[in-house]
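Please keep the sequence and the 3D view at hand while reading.

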Amino acid sequence: MTPIDGADAIPDVEKDASGETLAAVRSLGPGAPALAFDVGGTDIKSALFDADGTALGLRRTPTPVVAGDRTHAILDRLDALAAELRDAHPEVVPQAVGLVVPGIVDADAGIGVFASNMGWRDAPLRDLARERLGLPVAFDHDVRAASWAEHRLGGARAYDDAVILVIGTGIAGALLVGGRPYTAGGYAGEIGHSPIADGPACPCGGRGCLEAVASAGAIARRYREATGVVPDGAKDVIARAAAGDEVAAAIWDSALDALTMSLAQLTAVVAPEAVVIGGGLSRAGGALFDELRRRLAARLSFHRLPVLVPAELSGNAGLIGAALRARELT
């Protein structure tokens, strides 16, 4: 492993695309030291977790941008980050690596089945990372790993049957059934791409996907298209709605209706004990949670209503999940 230094040093990213800064990571508790990487479309979170479960060298760095398949460029970046972490903390010897990525992921086979923003199809990411980093690699989907972290240490820890919903630029989800992630070969949990209407068109190629109506990105986009005014994200649209802006109110109302429809379907089919909501939109507080509770109760009849709770691990849930998965290999 060769660290990058000098003019080629890896830059840090101070904030993610939603403006969220990198917060401290909750301790994992005692266990084997592990390297953890949460690879996203724009940035990579990385850290070395010591035997006490403390995150050392926590940072966010840009995801390499190359034309086509980004697999090897990302592996080069992970190699360099791992070398820097090991050099900075020689007293901590990692026993395994946790790697989580977006897209369709077959965790059992170690394959990144598809990720449009990464350019890969059927990429054997676990094996490639193991060869490059020289350690056993636990490989998983980023949101499923985040759901596992929320189950072990966060908002879902009291529930064995839960839906974890991350509402940000898009909408991602994961299912916990009997205390274990339900994966269906990597295809389960695509809640953001479940249809709730006949439109609008979604970038995935479908129509009426939840993400195209109710994600933070969609709320801001729809307001801009309707008014010509560029809002400061979904939170600005929600504030405008509360202040009496009729266009903002209609967009926010339709987003809440879409989320309610999706949660009602999940409640009827999966009957989760809880729905744990994270991502940027979760910071809307009562404007989101109180309204969803009210609308969901009004839509359903005999069904067991899930508890709606905010996620607790913020943007670090995926990284924590990666570290927890890595420890399972030791």
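The chain has an average pLDDT of 93, and 97% of its residues score at least 70, where pLDDT is the predictor's confidence in each residue on a scale from 0 to 100. Confidence in the chain is lowest in strand β11 (residues 180-182), with a mean of 91, and highest in helix α2 (residues 125-133), at 98; helices (H or I, at least four residues) and strands (E, at least two) are DSSP runs numbered from the N terminus. Over residues 1-7 the pLDDT falls below 50, although this stretch has 16 contacts in the model beyond near neighbours in sequence, a contact being heavy atoms within 4.5 Å. Where pLDDT is low, the predicted coordinates should not be read in detail.

This is a predicted model, in which local features need pLDDT of at least 70 and side-chain atom pairs count only at pLDDT 80 or more, while totals for chains, interfaces and linings use all residues. Residues are numbered from 1 along each chain as its sequence is written, and side-chain values use heavy atoms, with hydrogens and water left out.

Six of the six residues of strand β4 (residues 96-101) are buried, that is, under 20% relative accessible area, with exposed meaning over 50% and partly exposed in between (1.4 Å probe, protein chains only). Ala96, Gly98 and Val100 point one way from β4, while Val97, Leu99 and Val101 point the other way, and all are buried.

| Strands | Sense | Bridges |
|---|---|---|
| β1 (residues 34-39) and β4 | parallel | five |
| β4 and β8 (residues 137-141) | parallel | five |
| β6 (residues 111-115) and β7 (residues 120-123) | antiparallel | three |

In the β6 and β7 hairpin, four residues lie between the two strands, and glycine 119 in the turn has a positive phi of about 75°, while alanine 115 stands opposite tryptophan 120 in β7.

**Two residues of strand β3**

Leucine 58 lies in strand β3 (residues 55-62) and is partly exposed, with a relative accessible area of 25%. Setting aside neighbours within four places in sequence, leucine 58 is in contact with Leu22, Ala23, Ala24, Val25, Ser46, Ala47 and Leu319; the C-alpha atoms of leucine 58 and valine 25, which are 33 residues apart along the chain, are separated by 8.3 Å. Threonine 61, also in β3, counts as buried because its relative accessibility is 0%, and its contacts, not counting residues up to four places away in sequence, include Ile10, Asp12, Thr42 and Leu81.

**Helices α6 and α7**

In helix α6 (residues 233-242), Ala234, Asp236, Val237, Ile238 and Ala241 are buried, and what covers the buried residues of α6 includes α5 (216-227), α7 and α8 (286-299). After α6 comes glycine 244, with a positive phi near 105°. Aspartate 245 caps the N-terminal end of α7, with a side-chain oxygen 3.0 Å from the backbone nitrogen of valine 247. The 25 residues of α7 (residues 246-270) should span 36 Å at 1.5 Å a residue, and the end C-alpha atoms are 35 Å apart, which agrees; the expected span is 1.5 Å times one less than the number of residues.

Most residues other than glycine have a negative phi, and most peptide bonds are trans. Aspartate 122 has a positive phi near 50° and counts as exposed because its relative accessibility is 55%. Alanine 184, in the loop between β11 and α4 (residues 210-214), has a positive phi of about 50°. The peptide bond from glycine 199 to proline 200 is cis, with omega near 5°.

**Cysteines without disulfides**

How many disulfides does the structure hold? The structure holds zero, a disulfide being a pair of cysteine sulfur atoms within 2.5 Å. The sulfur of cysteine 202 has its closest cysteine sulfur in cysteine 204, 3.7 Å away and therefore too far for a bond. For cysteine 209 the closest cysteine sulfur is also in cysteine 204, at 3.7 Å, again too far for a bond. Cysteine 202 is buried at 7% relative accessibility, and cysteine 209 is buried at 4%.

Notes
A polar contact is a pair of N or O atoms within 3.5 Å; within protein, one must be able to donate a hydrogen and the other to accept it, and residues adjacent in sequence count only if both atoms are side-chain atoms. Two strands pair if DSSP finds at least two bridges between them.
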